[in-house]
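Hi everyone, thanks for making the time.

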Amino acid sequence: MNSQSSRRSFLRQAGAWLAGVSALRAAAPRPNVIVILADDLGYGDLACYNRESRIPTPNLDRMATQGVRFTDAHTPSAVCTPTRYGLLTGRYCWRTSLKEGVLDGIDPPLIEAGRMTIASMLKRQGYATACVGKWHLGMQWTGKDGKPVAARGSSAGGFRDGRDIDYTKPVGVGPNDAGFDYYFGISASLDMSPYCFIENKRTVGVPDVPSADSRSLFLNQVPGVTTKGFDLHDVLPACTKKAAEFIARQTARQPFFLYLPLPAPHLPVVPNKEYIGRSRAGLYGDFVAEMDASVGTVFDALDKRGLAENTLVIFTSDNGGLWHWWDFKEADDVKFGKITPRGQYEKDFGHRSNGDWRGTKADLWEGGHRVPFIVRWPGRAKSATVCGQSVCLTDVIATCAEICGVPLPVDAAEDSFSMLPLLSDPERAGAVRKDIIYHSLRGEFAIRAGEWKLIERRGSGGFSTPRTIEPKAGGPKGQLYNIVLDPRETRNVYDEHPDVVERLARLLDQYRKQGRSRGA
């Protein structure tokens with residue numbers, strides 16, 4: 001055989017080999033995706049984020065060693081309903097009708113009909129989809145008058161008791177209409193009526209038993225209705241069991257997406273007996289320890305089915321922790337550190353739920369929205385690494401889309417940026433987003449771009465300060481912090497950098513007006 005024919009033979013063989021590799025890549029199964037969302041878990045609650053944490057979290061600590069731990073991850077809102085909307089849709093919630101506050105357990109759906117969610121996108125790609133846990137994005141209930149229940153119009157009126165709902169009627173619109181094949185869980189937080197389980201479009205039993213009005217530190221509930229025998233202590237175990245059962249039904253032949261919004265450690269704080277005393281942070285710490293055990297059960301279920309190697313797992317929280325306290329003064333003499341029940345809790349147990357970050361759930365300060373964010377994806381997400389790049393929970397849908405090779409429509413995921421490059425090489429990859437907008441309980445705004453963070457108004461925008469804080473005569477009208485040099489947000493330099501204030505204010509206004517930040 002001459003050299004020319006040998007060369008042709010080699011090229012044919014090489015071409016066949018490359019074609020085979022391409023075919024194998026094309027045939028490689030798409031990863032299963034699990035998103036676990038804790039409720040009111042602070043940045044400092046997990047030992048892998050806070051060496052001084054008084055709570056044992058072995059499963060999440062192990063997850064951090066097996067994947068990428070993000071240290072600059074943020075929720076788009078400092079409270080739960082808007083964050084859940086942003087996570088599932090990739091769109092900031094303040095673009096919807098919900099401009100402040102949260103939904104209650106009776107409110108109609110917030111996700112608009114036809115809007116793409118992670119579940120609906122993956123379902124179209126052949127995924128089996130399930131949501132197990134706390135929904136808190138609205139369901140269409142029917143009143144006893146036969147009419148669809150309307151929204152309250154404002155969260156200022158408090159949460160409704162749900163006694164005027166006909167629970168014998170199915171849920172008109174809910175998780176099953178947002179792309180989920182299966183749903184099991186509760187309509188909202190465990191401090192909101194109705195107190196019952198819901199499976200797909202039906203309540204499990206009829207919640208027609210009046211529930212008590214509990215206003216203690218840990219057992220905080222509005223009065224409402226419940227099903228006979230419904231016990232708050234059963235909710236986390238029941239959701240954990242249903243999630244594990246869903247995984248047990250899966251095979252390698254079809255990928256799946258499981259969204260697991262856990263009801264813990266949000267109020268009411270109800271750890272089960274076997275977890276009481278597990279932590280050195282009281283009942284709250286024990287509840288976090290039980291939540292960590294739930295995550296361990298999910299990992300065990302994956303191992304039993306042999307699905308762990310092809311499963312992308314994301315763990316995070318819907319906002320910062322509630323159990324936090326500060327005792328310093330800002331430059332304008334607004335005092336923080338008033339001893340509230342939550343503040344007294346921290347003094348008693350020495351545990352800082354949000355670590356060194358200022359503020360608490362609901363606030364625009366870092367403690368309100370900087371959260372744990374851990375990704376485990378064997379063979380793809382680099383193990384035992386830490387990523388300091390900024391990401392937002394709205395970025396999950398764009399990441400899933402890129403993994404599946406799905407182009408995002410113009411009218412979907414308007415505020416989502418793929419973080420896929422940060423998973424494979426988190427130490428070298430550049431920034432995937434240039435800015436993030438934060439939103440508070442009271443509907444106030446902040447924007448972060450690089451080292452700078454601008455808060456439009458005075459105060460926290462949430463729980464840590466009064467609703468209205470007027471600046472002193474001649475004082476700064478808003479807040480500007482250099483998050484790199486002053487991560488605890490102790491020094492407001494608003495008046496010292498008018499050019500930065502103007503630039504960020506203009507950018508924030510632009511994003512609000514144009515309806516998107518992706519592709520802007």
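Predicted model: local features only at pLDDT ≥ 70, side-chain atom pairs only at ≥ 80, totals over all residues.

I'll start with the whole chain, then go through the sheets, the helices and a few loop residues.

The chain has 520 residues, and 60% of them count as buried. Its secondary structure comes to 11 helices and 20 strands. How about contacts along the chain? If you take the ones between residues at least 6 apart in sequence, 73% join residues at least 24 apart. As for the surface, the chain exposes about 21100 Å², and carbon and sulfur atoms supply 52% of that.

Okay, on to the sheet with 10 strands. It's an open sheet with mixed pairing, and the order is S7-S6-S5-S4-S12-S1-S13-S14-S2-S15. Which strands sit at the edges? Those are S7, residues 202-203, and S15, residues 385-387, and each of them pairs on one side only. Helix H3 packs on this sheet, where it touches S1, S4 and S12, and its direction makes about 170 degrees with that of S12.

How many of its residues are buried? The count is 10 of 10. Among them are Cys-80, Arg-84, Tyr-85 and Leu-88.

Let me go along it. S17 covers residues 436-439, and S18, residues 445-449, runs antiparallel to S17, with 4 bridges between them. Across that pair, Tyr-438 stands opposite Ala-446. The hairpin of S17 and S18 has 5 residues between the strands, and one of the residues to look at there is Gly-443, with a positive phi near 80 degrees. Next, S18 is joined to S19, residues 452-455, by 4 bridges, again antiparallel. There you'll find Arg-448 opposite Lys-453.

So is S17 covered or open on its faces? As a reminder, in a regular strand the side chains alternate between the two faces of the sheet. In S17, Ile-436 and Tyr-438 are on one side, Ile-437 and His-439 are on the other, and all of these are buried, so both faces are covered.

Next, a pair of helices. H5 is residues 235-248 and H6 is residues 282-305; their axes come within 9 Å and cross at roughly 15 degrees. Angles under 35 degrees count as roughly parallel, and H5 and H6 are therefore roughly parallel to each other. H5 passes H6 in a right-handed crossing. The residues making the contact include Leu-236, Thr-240 and Ile-247 from H5, and Phe-287, Met-291 and Leu-302 from H6.

Last stop, the loops. Where are the cis peptide bonds I marked? One joins Ala-264 and Pro-265, with omega about 0 degrees. Another goes from Leu-267 to Pro-268, with omega near -5 degrees. Pro-265 lies in the loop between S12 and H6, and Pro-268 lies in that loop as well.

Then there are residues other than glycine with a positive phi. Asp-40, with phi near 70 degrees, is one, and it sits in the loop between S1 and H2. His-136 is another, at about 55 degrees, in the loop between S4 and S5. Are they buried or exposed? Asp-40 is buried, with a relative accessible area of 3%, and His-136 is buried too, at 0%.

For contrast, take Gly-379, in the loop between S14 and S15. Gly-379 is exposed, at 82% relative accessible area. Gly-379 and Asn-310 are 69 residues apart in sequence, with 8.6 Å between their C-alpha atoms.

Methods: Residues numbered from 1 in each chain as written. Heavy atoms only, no water. Buried < 20%, exposed > 50% of the residue type's maximum accessible area, 1.4 Å probe, protein only. Helix = DSSP H or I, 4+ residues; strand = E, 2+ residues; numbered from the N terminus. Pairing = 2+ DSSP bridges. Contact = heavy atoms within 4.5 Å. Areas by Shrake-Rupley, 256 points an atom, 1.4 Å probe, with all protein chains shown as cover. Axes fitted to C-alpha atoms, helices over the stretch in contact; angles between N-to-C directions. Parallel < 35°, antiparallel > 145°, perpendicular 65-115°, else oblique. Left-handed = near helix turned anticlockwise from the far one by under 90°.
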